[in-house]
Amino acid sequence: MLKGIVDRFEGNFVVIEIDGITKDIPRDDVDAKVKAGDCVVLKNGKWITDEMETKDRVERIKGLMEQLWED
């Protein structure tokens, strides 16, 4: 299963980082609910948000931010 992280939206494209490489994906191939920063998976030809992976990523980033402010 192909996975990625949404970097940003540019016009009719969604920039998704897949294995460290950014690719421009047509908006029509991405679910309308997807937001920048979401972890996404390609399922049946459409990129959709991976809710669990996105939640885990947000928690990891929050943890890193808290460590940063403690030092």
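In what order do the elements of the chain run from the N terminus on? The order is β-β-β-β-β-α, and the total comes to 1 helix and 5 strands. Here, helices (H or I, at least four residues) and strands (E, at least two) are DSSP runs, numbered from the N terminus.

A quick word on the ground rules. This is a predicted model, where local features need pLDDT of at least 70 and side-chain atom pairs count only at pLDDT 80 or more, while totals for chains, interfaces and linings use all residues. Residues are numbered from 1 along each chain as its sequence is written, and side-chain values use heavy atoms, with hydrogens and water left out.

**The overall picture**

Along its principal axes, the C-alpha trace spans about 45 × 25 × 20 Å. The chain has 71 residues, and 24% of them count as buried. Buried means under 20% relative accessible area, exposed means over 50%, and partly exposed is in between (1.4 Å probe, protein chains only).

What about contacts (heavy atoms within 4.5 Å)? Of those with a separation of 6 or more, 31% are between residues 24 or more positions apart.

**Salt bridges**

How many salt bridges are there? The count comes to 3, where a salt bridge is a side-chain nitrogen of Lys or Arg within 4 Å of a carboxyl oxygen of Asp or Glu.

| Acidic residue | Basic residue | N to O distance |
| Asp7 | Arg8 | 2.1 Å |
| Glu10 | Arg8 | 2.5 Å |
| Asp38 | Lys35 | 3.9 Å |

Asp7, Arg8 and Glu10 are linked in a network. Asp7 counts as partly exposed because its relative accessible area is 38%. Arg8 gets that label too, because its value is 36%, and Glu10 is partly exposed at 39%. Now look at Asp38: at 5% relative accessibility, it counts as buried.

**Patches on the helix side of the story**

Helix α1 covers residues 51–70, and Ile61 lies in it. Together with Met65, Leu68 and Trp69, Ile61 makes a nonpolar surface patch of about 470 Å². Is Ile61 buried or partly exposed? Its relative accessible area is 40%, so Ile61 is partly exposed.

There's a negative patch as well, formed by Glu53, Asp56, Glu59, Glu66 and Glu70. Asp56 is also placed in helix α1, and at 38% relative accessibility Asp56 counts as partly exposed.

So what makes a patch? Patches are made of residues with over 30% relative accessible area and no salt bridge; like charges are joined within 9 Å, and nonpolar side chains (Val, Leu, Ile, Met, Phe, Trp, Tyr) within 5 Å.

**Counting charges**

Finally, the chain has 12 positive and 17 negative side chains, with the centres of the two sets 5 Å apart. Lys and Arg count as positive and Asp and Glu as negative, while His and the chain ends are not counted. The place of a charge is taken as NZ of Lys, CZ of Arg, CG of Asp or CD of Glu.

Methods:
Accessible areas come from the Shrake-Rupley method with a 1.4 Å probe; for residues, only the protein chains shown count as cover. Contact means heavy atoms within 4.5 Å.
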